[in-house]
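These are short notes to read alongside the model. Please keep the sequence and the 3D view open while going through the points.

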Amino acid sequence: MARDQLDYGAFMEKFLLQPHPSDHQLPLNSLTFAVKDIFDMDGYTTGFGNPDWARTHPAATSTAPAVLAILRAGATCVGKTVMDEMAYSINGENIHYGTPTNPWAPDRVPGGSSSGSAVAVGAGLADFSLGTDTGGSVRVPASYCGIFGFRPSHDVISTSGVIPMAQSFDTIGWFARDPVLLKRVGSVLLQLPNVESVRPAQLIIAEDCFQLSTTPGNRVAEAFVKSVERLFGGHTVKHLSLGDYVKDKVPSLKSFVSEGKAEQEYNIPSLAALSSAMRLLQRCEFRNNHGEWIKTVKPDLGPGISERVREALQMTDEKIDVCRSVKKELYAALTTLLGDYGVLAIPTVPGPPPKLKAPANTLEVFRARAFSLLSIAGVSGFCQVSIPLGKYDDLPVSISLLAKHGSDGFLLSLVETLYDTLKDQVGLAIRP
């Protein structure tokens, strides 16, 4: 789980809080957690998934506020976790430190870039863990490893003490094996008050998104509808072609529709365009953050990562203003669609985790579809939770729910209320 240069004993001594008479009253007392190697922890070098980065950077002199909040809530940190190099992949493979083994599908990738954090929870090595999500780095490994993963609303949790990837999209997320603990961790990080759950006003099924899925997406969507009807009544369920809605409400996307035609052939054109806008702005911000270091150090980067980094360094600022217009328009459009207590249901990813060391060219269509789904929350800044639903053909299946920016507490409570009924319904629906 931890990088090989980490002194585990010294680490535990430093980050295990001293006992206090009222420790039993702390919300995360007696729980263990792991931390992605992108968070600063006082006295240790933040490795960012690459040995050249670790070699050329000093030890941190403070601990990231998000990690401190968890420690002060009574949890014990058991180590830092392997991640994809420079957070620039959703696969979870790392040629330098090894690829964490997916506990639900050992011959498949664990998902990244928060790979080790997801595996630590999925394998029972920690009760929960912290990761980051820029383009999907919590949601994807959560889906692949059969656990819960939460990407909060953009900018609601401080990313101070966290190495930036692309600030327009960077968020601090977390993993857990059950919805109760997912909410407890969220309550600490989000500083949520104790309030009663609110019934959803509407739950919208993005039918075209479920058609992208190679797992039985229609059956998952139908099971979700039955669960909602049982708990909240049929009047709350609505169906929508999200691609058509986005096309109508986000006019600035026209600048990107002509790009990536090969990707759009097996995709939803407006969401493929949304993904293109997200990745363009992401590349430019990554270049601004790390371009000088890369040019100076010339780090050893693994396959896939090196190509993406090279592409980012060659980017110009053309269309950056259009990307920001897309963000504003999508935010407004989805805020109008969902309102205060609406929820959007989509697949987290378009299928099961790819096999380890799969050739890059075989993953192109899958990645394009994945980023079309992942860019919805990424570009809007809305909160999203990936919910595990068991297995189909012995591979993990999940669904995602999104709520408007700032509705994180509502979404966490809804998952807690909905999960048992949803899991039962889906288990019946996707049984081979």
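1. Aromatic pairs. The model is predicted, and its count of aromatic ring pairs comes to eight. A pair of aromatic rings is described by two things, the distance of the centres and the angle of the planes.

2. F48 and W53. How are the rings of F48 and W53 arranged? Their centres lie 4.9 Å apart and their planes meet at 65 degrees. Planes over 60 degrees apart count as edge-to-face, so this pair is edge-to-face.

3. Burial of these two residues. Are F48 and W53 buried or exposed? The cut-off for buried is under 20% relative accessible area. F48 has a relative accessible area of 0%, so F48 is buried. W53 has 7%, so W53 is buried as well.

4. Helix α4. This helix covers residues 115-122 and is mostly covered, with seven of its eight residues buried. The buried ones are S115, G116, S117, A118, V119, A120 and V121.

5. The chain as a whole. The secondary structure comes to 16 helices and ten strands. Along its principal axes, the C-alpha trace spans about 55 × 55 × 40 Å. A compact globule of 432 residues would have a radius of gyration near 22 Å, and the chain has 20 Å, so the two agree.

6. Burial and contacts overall. Of the 432 residues in the chain, 60% are buried. Among contacts between residues at least 6 apart in sequence, 78% join residues at least 24 apart.

7. Surface and charge. The accessible surface comes to about 17000 Å², and carbon and sulfur atoms account for 50% of this. The chain carries 40 positive and 44 negative side chains. The centres of these two sets lie 3 Å apart.

Technical notes:
Residues are numbered from 1 along each chain as its sequence is written. This is a predicted model: local features need pLDDT of at least 70, side-chain atom pairs count only at pLDDT 80 or more; totals for chains, interfaces and linings use all residues. Side-chain values use heavy atoms; hydrogens and water are left out. Helices (H or I, at least four residues) and strands (E, at least two) are DSSP runs, numbered from the N terminus. The radius of gyration is taken over C-alpha atoms; the globule rule is 2.2 Å times the number of residues to the power 0.38. Buried means under 20% relative accessible area, exposed over 50%, partly exposed in between (1.4 Å probe, protein chains only). Contact means heavy atoms within 4.5 Å. Accessible areas come from the Shrake-Rupley method with a 1.4 Å probe; for residues, only the protein chains shown count as cover. Lys and Arg count as positive and Asp and Glu as negative; His and the chain ends are not counted. The place of a charge is taken as NZ of Lys, CZ of Arg, CG of Asp or CD of Glu. Rings of Phe, Tyr and Trp (its six-membered ring) pair if their centres lie within 6.5 Å; planes under 30 degrees apart count as stacked, over 60 as edge-to-face and the rest as tilted.
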